[in-house]
Amino acid sequence: MLSILPFVLVVSTYLFYSHARLIDNPGDKLLPAPATIAAAIHRLAFEEDERSGEYLWWTDTGASLQRLGIALAISAVIGLSMGLAIGVLPYLRAAIAPFVAALSLIPPLAILPILFIVVGLGEVAKITLIVIGVAPVIVRDLAMRAAELPNEQIIKAQTLGASTWQLVLRVVLPQLWPRLIDALRLCLGSAWLFLIAAEAIASTEGLGYRIFLVRRYLAMDVILPYVAWITLLAFSMDWVLKVLRAKLFAWADSN
Amino acid sequence: MTQVTVKHLWKEFGTQVVLENVNLHIGDHEFVTIVGASGCGKTTFLKMLLGVEVPSRGEFLIDGERLSSEPGSDRGIVFQRYSLFPHLTVLENLLLGLELRSAPLLGRLFGARRRRALEKALPLLEAVGLHSAADKYPAQLSGGMQQRLSIAQSVICEPKILLLDEPFGALDPGITADMHALILQLWNTHKMTIFMVTHDLKESFLLGTRLLVFDKVRLDPQAPEAFGATITFNIPLKGRRRSS
């Protein structure tokens with residue numbers, strides 16, 4: 001129950017100042033009343049848009065989640081395969097680990113213009129931006145986790161007759177799965193950041209696009225619920241990953 | 001029949017001599033216990049026998065053949081810790097050796113082949129007293145249970161030689177007696193040669209058919225790294241165990 005207290009405090013503070021400002025000036029747009037916000041949510045989520053005939057709230061959500069999902073899936077595949085290879089094969093580690101380290105330090109937003117120039121303003125640019133921002137971090141994390149496995153385990157597997165391939169398949173890879181989920185959870189925040197940045201600059205739908213679009217009209221009644229909705233989505237994704245990890249990899253929690 | 005011969009073995013790390021001129025012959029089905037002060041090359045000796053360290057000079061021969069320079073399934077190992085696979089249950093840990101051997105591509109057995117592997121694994125699981133813990137993960141086991149599983153995991157592959165690196169060093173004294181009985185029973189059933197490094201002199205006399213003491217014969221106070229250790233005592237313990 002104690003954990004609810006800060007939320008209650010923030011909401012009541014908002015209500016107090018919103019009320020105070022609206023008494024002063026009924027036309028105030030900065031801190032809209034709950035009824036105004038509810039009306040905006042109703043208009044966006046449950047009424048067709050006059051021009052496009054779409055339910056904007058859900059179109060935006062669908063577009064953003066699709067971009068995020070594809071980008072995270074690609075990042076996971078790259079992260080797992082390269083992290084595994086770098087972690088297991090010392091030659092590969094010596095050859096490309098410094099390159100990956102350098103790559104992961106490039107601020108992805110700085111190369112967003114390059115992406116727009118090279119692959120255009122479409123979906124590919126936005127997904128690529130997220131992948132560039134997230135994948136190198138996952139690669140480095142998983143490579144370190146793979147290299148961290150106790151040497152005793154590797155030697156033991158060899159004395160049980162394991163070839164390098166079997167070692168990867170039965171010993172290293174299964175122990176990396178829960179680490180991959182951990183890495184994805186930690187990357188969710190930056191993935192959303194890159195998504196919203198890309199949508200803000202060049203897009204025709206998406207949660208980030210909408211926020212930046214209505215900013216011109218000072219439409220706080222749309223921005224605030226959108227931010228809350230994004231937070232809820234991010235929180236749910238994190239929660240789903242956490243539950244998935246506990247369900248699929250019970251052994252990893254008992255350590 | 002497994003014969004282990006060590007000829008003029010030296011091991012150096014840079015200028016530091018760890019082992020010098022070790023010569024040894026071990027006959028079939030011996031239980032060799034190795035004792036000595038810290039840092040006198042017991043573990044290095046075991047690592048070379050395992051194949052993770054390479055001798056600087058000299059050689060190991062098993063049945064007249066040079067030792068392969070990588071760990072392989074003819075030599076099993078039980079470390080003090082960390083030699084179980086945390087993502088596999090007790091039964092899966094035990095089956096792993098059989099699966100790796102018979103399924104080179106997937107490392108897993110299915111159907112009838114898995115049932116045949118289980119027929120071999122379950123009695124051994126019973127013998128090491130882990131039958132009721134078959135579905136648990138290693139982290140849920142006590143230290144003694146973990147070591148029993150680790151031993152069984154190696155024994156199921158029927159290695160010619162089993163190497164034990166202070167396997168009972170981290171266990172409660174109360175458990176060690178059970179562990180001693182277990183390892184002797186497995187040694188007698190499976191007829192392998194055992195090399196065991198230990199800190200416990202009493203244990204080494206109790207278990208071994210042969211006791212090796214590693215120590216430095218010469219010492220230069222100005223350059224303590226100049227001379228290495230060797231086997232200073234090689235005591236046959238007159239097959240007390242074999243008759244019993």
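This is a predicted model: local features need pLDDT of at least 70, side-chain atom pairs count only at pLDDT 80 or more; totals for chains, interfaces and linings use all residues.
Residues are numbered from 1 along each chain as its sequence is written, and chains are lettered from A and ligands numbered from 1 in the order in which they are written.

The model as a whole has ipTM 0.89 and pTM 0.85.

Next, select the contact of the two chains, to which chain B brings 25 residues and chain A 20 residues; two residues are in contact if their C-beta atoms, placed from the backbone, lie within 7 Å. On the side of chain B that touches chain A, strand 6 (75-78) and helix 2 (90-102) each supply at least two residues, and helix 2 of chain B gives the most, with 4 residues. Helices (H or I, at least four residues) and strands (E, at least two) are DSSP runs, numbered from the N terminus. By class, this side of chain B holds 13 nonpolar, 9 polar and 3 charged residues, where Ala, Val, Leu, Ile, Met, Phe, Trp, Tyr, Cys and Pro count as nonpolar, Asp, Glu, Lys and Arg as charged, and the others, Gly among them, as polar.

Staying with chain B, colour domain 1 (1-74 + 160-172 + 186-244) and domain 2 (85-158) separately; the bounds come from an automatic or database domain assignment. The centres of these two domains of chain B, taken over C-alpha atoms, are 28 Å apart. Where they meet, 8 residues of domain 1 of chain B are in contact with 9 residues of domain 2 of chain B, and the domain 1 side has 6 nonpolar, 2 polar and no charged residues.

Now turn to chain A and select helix 3 (residues 56-88) with helix 6 (residues 123-148), whose axes come within 7 Å and cross at roughly 30°. That angle makes helix 3 of chain A roughly parallel to helix 6 of chain A (under 35 degrees counts as roughly parallel, over 145 as roughly antiparallel, 65 to 115 as roughly perpendicular and the rest as oblique). Their contact has 22 nonpolar, 4 polar and 4 charged residues.

Finally, select helix 9 (residues 207-214) and helix 10 (residues 220-248) of chain A, whose axes come within 9 Å and cross at roughly 160°; axes are lines fitted to C-alpha atoms, for helices over the stretch in contact, and angles run from 0 to 180 degrees between N-to-C directions. Helix 9 of chain A and helix 10 of chain A are therefore roughly antiparallel to each other. Show the side chains of A:L207, A:R210, A:I211 and A:V214 in helix 9 of chain A, which meet A:V222, A:I223, A:Y226 and A:I230 in helix 10 of chain A.
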